[in-house]
Each structure stands twice: as C-alpha cells, then as structure tokens.
Amino acid sequence: MADGSDTTLTTEQPEKETPAGLVTGIRSFAADHGGARAVIEYVGKRGARIVLVGADGTWADQFADGTDVARAACVSAGVTVENEWERELMDQMRPSNDLWRSMARRTLSR
C-alpha cells in the first residue's frame, strides 16, 4: 500500500506572456487621447475585453486572452484599471456619431 500520492494537484498555471501588440495599442490610445482609464470585462472562453476611456471622452476596446493578461497589459502600458463602471467614468464617455447611427439602425426582435 502506498504511503502517498505520486501526483500533486496544483492550481498554479504558467504565466501567460503579455502580447507586445496589445501593450502598444493601449499605450498608443492613451497617448492620443490625453491619458486613459480601463475597465476589464470577462467574456467567457474568448478571454477579456479591455474598454479604454480616454481623458477626452473617446473610448475603444481591445481583447486579451484572459483577465490576468489584460490587467498586466494595462499595467505595462501605464493605464489605470478601474474595478467597475463608476458613474464618473461613464459620464466621461462620448459616443461617436458613427456609433449613434449604428445603434439607430438596430431593431429589437420580439
């Protein structure tokens, strides 16, 4: 009879490498819009969505393989990550005219 197990269950996963293109994109957005703040949203198997809100109200998004990769990319790019959507951040967002037009074309199905 064996005294112990020869396998060990670990929850640690190898660190994912932060894609340089993702960091560059975030850094570029922040530079073009006077700084930025980010909110990271989990999107299931697809990974994580990084919503960037510029100081001028412009916003954009990027996708990462996971929330840990998204957070690391934002830290590397020097962008503050917010824990949730706060009123001040939402008030700062200014949707473009193109976005308003695309939303106006959509109809709800019943």
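Predicted model: local features only at pLDDT ≥ 70, side-chain atom pairs only at ≥ 80, totals over all residues.
Local features here need pLDDT of at least 70, side-chain atom pairs count only at pLDDT 80 or more, and totals for chains, interfaces and linings use all residues. Residues are numbered from 1 along each chain as its sequence is written, and side-chain values use heavy atoms, with hydrogens and water left out.

The chain has a mean pLDDT (the predictor's confidence in each residue, from 0 to 100) of 80, and 71% of its residues reach 70 or more. Among the elements, helix α2 (residues 67-77) has the highest mean, 94, while helix α4 (residues 97-105) has the lowest, 66. Helices (H or I, at least four residues) and strands (E, at least two) are DSSP runs, numbered from the N terminus.

Strand β2 (residues 48-54) has 6 of its 7 residues buried, meaning under 20% relative accessible area with a 1.4 Å probe, protein chains only. Strands pair if DSSP finds at least two bridges between them. β2 runs antiparallel to β1 (residues 36-42), joined by 7 bridges, and I50 in β2 sits opposite I40. β2 also pairs with β3 (residues 59-64), again antiparallel, over 6 bridges; here L52 faces A60 in β3.

## The turns and a ring

The β1-β2 hairpin has 5 residues between its strands, and G44 takes a positive phi near 75° there. In the β2-β3 hairpin, with 4 residues between the strands, G57 has a positive phi near 95°.

As for rings, R46 lies over the face of F63, 4.0 Å from the ring centre. That label needs NZ of Lys or CZ of Arg within 6 Å of the ring centre and within 35 degrees of the ring normal.

Technical notes
Buried < 20%, exposed > 50% of the residue type's maximum accessible area, 1.4 Å probe, protein only.
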